[in-house]
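Hello,

Here is the structure for your files. My notes on it follow below.

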Amino acid sequence: DDEETEVSDLNVDDEVTSHEQTVKVDLGKWKLTLNPIIVHRFRENVGPTFQVGNTPVSVFSQMFPDDLLDTIVTQTNRYANECMPGDKFTKWRAVDKAELKAYLGFNMLIGFNMLMGLVHLPELEDRSRFRDISRYLHFVDNSSLKPRGDAGHDRLGKVR
């Protein structure tokens with residue numbers, strides 16, 4: 001009974017029994033016959049492909065070069081202004097590179113502390129500012145992206 005059944009030949013509500021399992025059919029190009037998966041041994045070098053600095057600041061600078069930080073600052077401020085038209089939201093203060101570095105560094109510290117089981121976090125002086133930066137953090141100009149449904153839409157365009 002190793003007969004292959006093209007799913008496209010079945011109806012949406014069909015059920016097919018194969019190898020003592022009943023499979024609910026979803027239209028597509030799937031076949032009911034399973035093929036073995038061969039995983040080859042990974043033989044490439046692992047780790048950074050560049051010289052890693054010996055201080056946290058130098059590692060951070062390699063992860064977030066100035067041109068990337070400038071882009072994030074520009075796009076975050078642009079996005080915040082797009083979302084906050086008029087005088088209604090005068091609380092937004094443009095983020096600058098120094099504040100963005102502090103924000104990113106703090107997020108990395110939180111992640112490291114949680115990874116290491118250190119759950120005590122310092123009190124934030126301005127939780128609403130941290131929340132605002134988190135809400136409007138942006139890496140690309142939305143107007144440069146093709147909308148969903150259009151040919152050429154990139155689902156990862158916002159983080160590429």
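**Surface patch**

Phe-139, Leu-156 and Val-159 make a nonpolar surface patch of about 300 Å². Patches here are made of residues with over 30% relative accessible area and no salt bridge; like charges are joined within 9 Å, nonpolar side chains (Val, Leu, Ile, Met, Phe, Trp, Tyr) within 5 Å. Areas come from the Shrake-Rupley method with a 1.4 Å probe, and for residues only the protein chains shown count as cover. Leu-156 sits in the segment after helix 4. Its relative accessible area is 49%, so Leu-156 is partly exposed. The cut-offs: buried is under 20% relative accessible area, exposed is over 50%, partly exposed is in between (1.4 Å probe, protein chains only).

**What the model is**

This is a predicted model: local features need pLDDT of at least 70, side-chain atom pairs count only at pLDDT 80 or more, and totals for chains, interfaces and linings use all residues. Residues are numbered from 1 along each chain as its sequence is written, and side-chain values use heavy atoms, with hydrogens and water left out.

**Overall**

The chain has four helices and two strands. Their order from the N terminus is β-β-α-α-α-α. Helices (H or I, at least four residues) and strands (E, at least two) are DSSP runs, numbered from the N terminus. Of the 160 residues, 21% are buried. The chain exposes about 13300 Å², and carbon and sulfur atoms supply 54% of that. Take the contacts (heavy atoms within 4.5 Å) between residues at least 6 apart in sequence: 50% of them join residues at least 24 apart.

Helix 2 covers residues 66–83. Its 18 residues should span 26 Å at 1.5 Å a residue, and the end C-alpha atoms are 26 Å apart, which agrees. The expected span is 1.5 Å times one less than the number of residues. Buried residues in helix 2 are Leu-69, Ile-72, Val-73, Gln-75, Thr-76, Asn-77 and Ala-80.

In helix 4 (residues 127–136), the buried residues are Arg-129, Asp-132, Ile-133 and Tyr-136. They cover an arc of only 95° around the axis, so they lie on the same side of helix 4. The arc is that of the directions from the helix axis to the C-beta atoms. An α-helix has 3.6 residues a turn, so residues three or four places apart point the same way.

**Salt bridges**

How many salt bridges does the structure hold? Six. The criterion is a side-chain nitrogen of Lys or Arg within 4 Å of a carboxyl oxygen of Asp or Glu.

One of them pairs Lys-97 with Asp-66, with the closest N and O atoms 3.7 Å apart. Lys-97 is in helix 3 and Asp-66 in helix 2, so this pair ties together parts 31 residues apart in sequence. Lys-97 is partly exposed at 26%, and Asp-66 is partly exposed at 44%.

Glu-99 and Arg-129 also form a salt bridge, at 2.7 Å from N to O. That pair links distant parts of the chain: Glu-99 is in helix 3, Arg-129 in helix 4, 30 residues apart. Shared partners also join the salt bridges of Asp-66, Asp-70 and Lys-97 into one network. Arg-129 is buried at 8% relative accessibility, and Glu-99 is buried at 19%.

Glu-99 forms a salt bridge with Arg-93 as well, with the closest N and O atoms 3.3 Å apart. Arg-93 is in the loop between helix 2 and helix 3 (97–115). At 48% relative accessibility, Arg-93 is partly exposed.

Best regards
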